[in-house]
Amino acid sequence: MAPQKRSAEEAESLISGVKALLVDIEGTTTPVSFVKDKLFPYITDNVEKYLTSHFDDAETQKDIAALRELAQKDKEASTEGVVEIPAADSSKDDVIKALVENIKWQMSQDRKSTELKQLQGHMLQEAYKSGGVKGELFEDVADVLRQLQEEGIQIYVYSSGSIESQKLLFANSNEGDMTDVFTGYYDTTTGSKTDSASYKKITGEIGVLADEILFLTDKPEEAAAAVGAGIRSTLVIRPGNDDLTDDHLQNFSCIENFSELFGDDDDEEDMKRLATGDNGEAELDDDDDDDDDVVDEDDDDGEDSEGAEGV
């Protein structure tokens with residue numbers, strides 16, 4: 001379903017008065033396909049090997065303990081399909097076997113538990129550093145975020161993927177190391193992304209007024225939660241994202257490209273500024289004019305369904 005066309009006035013208002021930008025990863029800065037087709041398979045294909053080789057590490061033991069406790073809570077809540085994890089004094093093979101089954105079960109349910117994200121983040125740290133995984137950003141993301149930063153807007157990430165995995169994605173992206181662009185990161189340790197209380201907490205920590213924050217996400221339920229906390233919200237429409245309903249399109253501003261944050265009337269000028277790195281004094285040739293609707297450049301993802309998002 002195509003998004004409704006916003007007026008130039010509405011487009012200009014997206015960034016006007018904004019002091020802080022809060023961005024989702026999966027489906028916003030990073031293609032959903034990156035998470036589902038690359039990060040998810042990497043985790044499921046390598047989790048047993050990772051647990052076996054790192055089993056005695058203090059970090060891994062902490063991850064295992066957290067997953068064991070979560071599984072116990074799921075059992076007590078009669079969660080269907082939960083895979084219990086044997087006690088710490090059980091054999092290594094039995095614990096690893098149960099862990100692998102539990103992790104794959106959680107991922108098949110598209111769960112965003114903090115316990116799962118922590119282990120995934122530690123696995124991805126190894127994957128990114130070895131070059132086995134490289135973060136993907138939409139081509140418009142990097143240049144726009146850098147320009148917004150130069151204009152004094154603080155930029156934060158809020159993703160279901162762990163903070164560690166968020167940093168890894170942006171540090172090892174197809175546009176190079178982007179971590180210098182971001183002022184801070186938030187994950188599910190702050191709270192659920194569909195709970196307004198989470199956004200109120202973030203607002204308090206950022207230290208600006210709620211209506212001076214703009215949240216970009218592909219999920220209407222997240223946008224609604226942010227609005228409930230007084231934060232401005234815009235839905236990002238990307239290839240592979242879930243379709244939006246007429247109500248979503250009427251209740252939220254929508255963009256398909258980060259360059260639209262600057263406003264329809266100023267798109268050409270902003271494109272030149274992004275392309276030249278100055279105030280647009282350099283002229284674009286005919287070939288560049290043909291590409292004015294795309295900014296060469298973000299997630300994760302990134303969720304996750306996991307956070308770079310899904311993972």
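1. Lys 112 lies in the loop between α4 (92-108) and α5. Helices (H or I, at least four residues) and strands (E, at least two) are DSSP runs, numbered from the N terminus. Lys 112 is partly exposed, at 35% relative accessible area. Here buried means under 20%, exposed over 50%, and partly exposed in between (1.4 Å probe, protein chains only). The C-alpha atoms of Lys 112 and Ser 162 are separated by 9.7 Å, though the two are 50 residues apart along the chain.

2. A word on the basis. This is a predicted model: local features need pLDDT of at least 70, side-chain atom pairs count only at pLDDT 80 or more, and totals for chains, interfaces and linings use all residues. Residues are numbered from 1 along each chain as its sequence is written, and side-chain values use heavy atoms, with hydrogens and water left out.

3. How many salt bridges does a search of the whole structure find? The count is 11. The criterion is a side-chain nitrogen of Lys or Arg within 4 Å of a carboxyl oxygen of Asp or Glu.

4. One of them joins Glu 136 and Lys 38, at 2.3 Å from N to O. Glu 136 lies in the loop between α5 (114-130) and α6 (141-150) and Lys 38 in helix α2 (residues 32-54), so the pair ties together parts 98 residues apart in sequence. Lys 38 is partly exposed, at 46%.

5. Lys 73 forms a salt bridge with Glu 69; their closest N and O atoms are 3.8 Å apart. Both sit in helix α3 (residues 58-76), 4 residues apart, or about one helical turn. Lys 73 is partly exposed at 48% relative accessibility. Glu 69 is also partly exposed, at 48%.

6. Lys 193 and Glu 222 form a salt bridge at 3.3 Å, N to O. Lys 193 lies in the loop between β3 (184-186) and α8 (196-206), and Glu 222 in helix α9 (residues 220-228), so the pair ties together parts 29 residues apart in sequence. Both Lys 193 and Glu 222 are buried. Asp 24 is linked with Lys 193 and Glu 222 in a network of salt bridges.

7. The largest cavity has a volume of about 40 Å³. A cavity is a set of points on a 1 Å grid over the protein atoms alone where a 1.4 Å probe fits but cannot get out; lining residues have an atom within 4 Å of a point. Volume is the space filled by probe spheres set on the points, which are joined across faces, edges and corners. The lining includes Phe 55, Ile 64 and Arg 68. Helix α3 gives the largest share, 3 residues.

Terms used:
1 Å grid on protein atoms, 1.4 Å probe; cavity = no way out; pocket = protein on both sides within 12 Å on 5 of 7 lines; lining within 4 Å.
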